[in-house]
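Let's take a walk through a protein model together, starting with its overall layout and then turning to individual side chains. Keep the viewer open as you read.

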Amino acid sequence: MPLGIFNQWACSRLQVLSQTLDVQGLMDLFADWMTSQRWNDMKQLFELWVMSLDNNGKPNRPDVSLYNHYLRANLMLGA
């Protein structure tokens, strides 16, 4: 499988997740990804999720724990 196709698939998967997950779902997913050290995926998903709307059509609002996961992902990536 060419790498470009994989990147497109991964990006579209993250977009779908950002539009369907609530705060608790995102926290659960981040807990799984932390154990496998998927820092880049965590960072990208958080950024997409914050820009997305929730089920009521309002912008998603991260809580402190969710934002701390985002900061940890940036730290682990060396940002």
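The paragraphs below go from the fold to the core, then to the aromatic rings and the charged pairs.

A word on conventions comes before the tour. This is a predicted model, in which local features need pLDDT of at least 70 and side-chain atom pairs count only at pLDDT 80 or more, while totals for chains, interfaces and linings use all residues. Residues are numbered from 1 along each chain as its sequence is written, and side-chain values use heavy atoms, with hydrogens and water left out.

The protein has 4 helices and 0 strands, and along the sequence this reads as α-α-α-α. Here helices (H or I, at least four residues) and strands (E, at least two) are DSSP runs, numbered from the N terminus. Of the 79 residues in the protein, 28% are buried; buried means under 20% relative accessible area, exposed over 50%, and partly exposed in between, with a 1.4 Å probe and protein chains only. The protein exposes about 5,500 Å², and carbon and sulfur atoms supply 56% of that area. These areas come from the Shrake-Rupley method with a 1.4 Å probe, and for residues only the protein chains shown count as cover. Among contacts with a separation of 6 or more, 56% join residues 24 or more positions apart, where contact means heavy atoms within 4.5 Å.

Now turn to the interior. In soluble globular proteins, nonpolar side chains tend to be buried together. A nonpolar core is a set of buried Ala, Val, Leu, Ile, Met, Phe, Trp, Tyr and Cys residues joined through side-chain atoms within 4.5 Å. The largest one here has 15 residues, and L26, F30, W33, M42, L45 and L66 touch the most other members. Two or more residues of this core come from each of α1 (3–20), α2, α3 (39–51) and α4. Take L26 as an example: leaving out residues up to four places away in sequence, L26 touches L21, L45, W49 and L66.

The buried residues of α2 are G25, L26, M27, L29, F30 and W33. Just after this helix, Q37 takes a positive phi of about 55°.

Which residues does H69 contact, leaving aside its neighbours within four places in sequence? They are M27, F30, M34 and M42. H69 itself lies in helix α4 (residues 64–76), and it counts as buried because its relative accessible area is 13%.

The aromatic rings come next. Rings of Phe, Tyr and Trp (its six-membered ring) pair if their centres lie within 6.5 Å; planes under 30 degrees apart count as stacked, over 60 as edge-to-face and the rest as tilted. By this rule there are 4 aromatic pairs. One of them joins F30 and W33, with centres 6.4 Å apart and planes at 35°, so the pair is tilted. Both residues lie in helix α2 (residues 23–35), 3 residues apart, about one turn of the helix, and both are buried. Y67 and Y70 form another tilted pair, 5.9 Å centre to centre with 40° between the planes. They too are 3 residues apart, about one turn, in helix α4. Y67 is partly exposed at 39% relative accessible area, whereas Y70 counts as buried at 14%. F46, Y67 and Y70 form one aromatic cluster.

Finally, look for the charged pairs. Side chains of opposite charge can pair when their charged atoms come close. How many salt bridges does a search of the whole structure find? There are 2, a salt bridge being a side-chain nitrogen of Lys or Arg within 4 Å of a carboxyl oxygen of Asp or Glu. D41 pairs with R38, the closest N and O atoms being 2.7 Å apart, and R38 is partly exposed at 30% relative accessibility. E47 pairs with K43, with the closest N and O atoms 3.3 Å apart. These two residues are 4 residues apart in helix α3, so about one helical turn separates them. E47 is partly exposed at 30% relative accessible area, and K43 is partly exposed at 22%. The C-alpha atoms of E47 and S18 are separated by 8.7 Å, although the residues are 29 apart along the chain.
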